[in-house]
Amino acid sequence: MTEIHRLSPDYAAASHEVDADWAAVAAAGFRSVVNHRPDHEDGPHQPSAAEIGERVRAHGLAYAHQPVADLGFGADEVQALRELLATLPGPVLAFCRSGRRSTRLYEAVLNGLPPPEPEPEVVWLA
């Protein structure tokens, strides 16, 4: 993990590095990890959700995979995270490529707000 951003006493978001130090995450007091990255989002060098889950659980942490597309999320994803947070032991560390999806999704859950509109796709004209 690069930088961990505490959004509340029970939830933090971070960007994911391929060789994350899950022992350090556990030592920092986290009890659960939520992976918001779809499998192979960055190509074949990215470990699968199952591989990450094995590594995380090897350090005594609970693990959940909730893949969220990079271009946005909807009410179903907000509700799914709500349910995960109600069942996973806290504090929870959630991660995605940059930490942004995990942050925005939690903000939608925390504030009871509808999910944000997806950002428009940039189309370059030749």
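Figure 1. Buried means under 20% relative accessible area, exposed over 50%, and partly exposed in between (1.4 Å probe, protein chains only). Helices (H or I, at least four residues) and strands (E, at least two) are DSSP runs, numbered from the N terminus. Val92, Ala94 and Cys96 point one way from E5, whereas Leu93 and Phe95 point the other way. Residues are numbered from 1 along each chain as its sequence is written, and side-chain values use heavy atoms, with hydrogens and water left out. Because the model is predicted, local features need pLDDT of at least 70 and side-chain atom pairs count only at pLDDT 80 or more, while totals for chains, interfaces and linings use all residues.

**Figure 2. Strand partners of E5.** Two strands pair if DSSP finds at least two bridges between them. E2 and E5 run parallel and are joined by 5 bridges; here Tyr11 has Val92 as its bridge partner in E5. Strand E3 (residues 32–35) also pairs with E5 in the parallel sense, over 4 bridges, and the partner of Val34 in E5 is Ala94.

**Figure 3. The largest nonpolar core.** A nonpolar core is a set of buried Ala, Val, Leu, Ile, Met, Phe, Trp, Tyr and Cys residues joined through side-chain atoms within 4.5 Å. The largest one has 16 residues, and Tyr11, Val34 and Leu81 have the most contacts inside it. At least two residues of this core come from each of strand E2 (11–15), helix H3 (75–87), strand E5 (92–96) and helix H4 (100–111). H4 supplies the largest share, 4 residues. Apart from this core lies another, of 14 residues, among them Ala14, Phe30, Ile52 and Leu93.

**Figure 4. Two aromatic pairs.** The structure holds 2 aromatic pairs. Rings of Phe, Tyr and Trp (its six-membered ring) pair if their centres lie within 6.5 Å; planes under 30 degrees apart count as stacked, over 60 as edge-to-face and the rest as tilted. Tyr11 and Tyr106 are stacked, at 3.9 Å centre to centre and 5° between the planes. This pair links strand E2 to helix H4, 95 residues apart. The ring centres of Trp22 and Phe95 are 5.8 Å apart and their planes lie at 45°, so this pair is tilted. Trp22 counts as buried at 4% relative accessibility, and Phe95 at 0%.
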